[in-house]
Amino acid sequence: MDNPILKLFKENIGKKFSSPSPVGKWLDGTLVDAEEGLLTAEYMVRPDFANPMGVMHGGIYAILMDDLIGTLVFSLGNEFLFTTVNLSIDYLSSAKIGEVVTLKAEIIKAGRNIVHCECRLYNPQGKLLAKSISNLAKTHIPAR
């Protein structure tokens, strides 16, 4: 494998998810799978993720999805970093405090300047709780 970032992610499957972003470290997930163009991670829904109704806040859904998508694009090992241009989320159901949710982010099309991704969030029973689409644009910031 000639992609050292993806290789590092593969070596850390089953361990705490080492997102490159500070907010990703705060989310404190576990990497479940890492393939070219696909990342899967799990996160415990903590009390500090909750809204006043006692379920996961919609903003946390967005942070989880945006961070995993960004990390997925980073895992491609591109020369330059990419940044989110848009993130559209369909909120379909609630995640409860204490549940472990699973997120699967996938690259649909990776162009030279724009990468289009999808992400899905599931509860422990496999019920789809939210889905998103996002586009990321290449910056002029070196990745290394």
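Two strands count as paired if DSSP finds at least two bridges between them; strands (E, at least two residues) and helices (H or I, at least four) are DSSP runs, numbered from the N terminus.

All views show a predicted model, in which local features need pLDDT of at least 70 and side-chain atom pairs count only at pLDDT 80 or more, while totals for chains, interfaces and linings use all residues. Residues are numbered from 1 along each chain as its sequence is written, and side-chain values use heavy atoms, with hydrogens and water left out.

**View 1. Six strands form an open antiparallel sheet.** The strands follow one another in the order β1-β2-β4-β5-β6-β3. Because β1 and β3 stand at the edges with a single partner strand each, one side of each has no neighbour in the sheet. From one strand to the next the twist averages 20 degrees, angles being taken from 0 to 180 degrees between the N-to-C directions of lines fitted to C-alpha atoms, for helices over the stretch in contact.

**View 2. Strand β4 pairs with β2 and with β5.** Seven bridges join β4 to β2, and the two run antiparallel; across this pairing, T40 stands opposite K104 in β4. Eight bridges join β4 to β5, again in an antiparallel arrangement, and there T102 has Y122 in β5 as its bridge partner. Three residues lie between β4 and β5, which together form a hairpin.

**View 3. Helices α1 and α3 lie against the strands.** Helix α1 packs on the sheet, where it touches β1 and β2 (contact means heavy atoms within 4.5 Å), and its direction makes about 135 degrees with that of β1. Helix α3 lies across β2, β3, β4, β5 and β6, running at about 145 degrees to β3.

**View 4. The largest nonpolar core has 36 residues.** Such a core is a set of buried Ala, Val, Leu, Ile, Met, Phe, Trp, Tyr and Cys residues joined through side-chain atoms within 4.5 Å. Those with the most contacts inside this core include Y43, L68 and L103. The elements giving two or more residues to the core include α1 (4-11), α3 (58-74) and β4 (100-110), and α3 gives the most, with eight residues. Leaving aside neighbours within four places in sequence, L68 is in contact with F17, L39, A41, Y43, L103, K104, A105 and C119.

**View 5. A143 lies in the segment after β6.** A143 counts as buried because its relative accessibility is 18%, where buried means under 20% relative accessible area, exposed over 50% and partly exposed in between (1.4 Å probe, protein chains only). Not counting residues up to four places away in sequence, A143 touches F74, N78, E79, F80 and L81.
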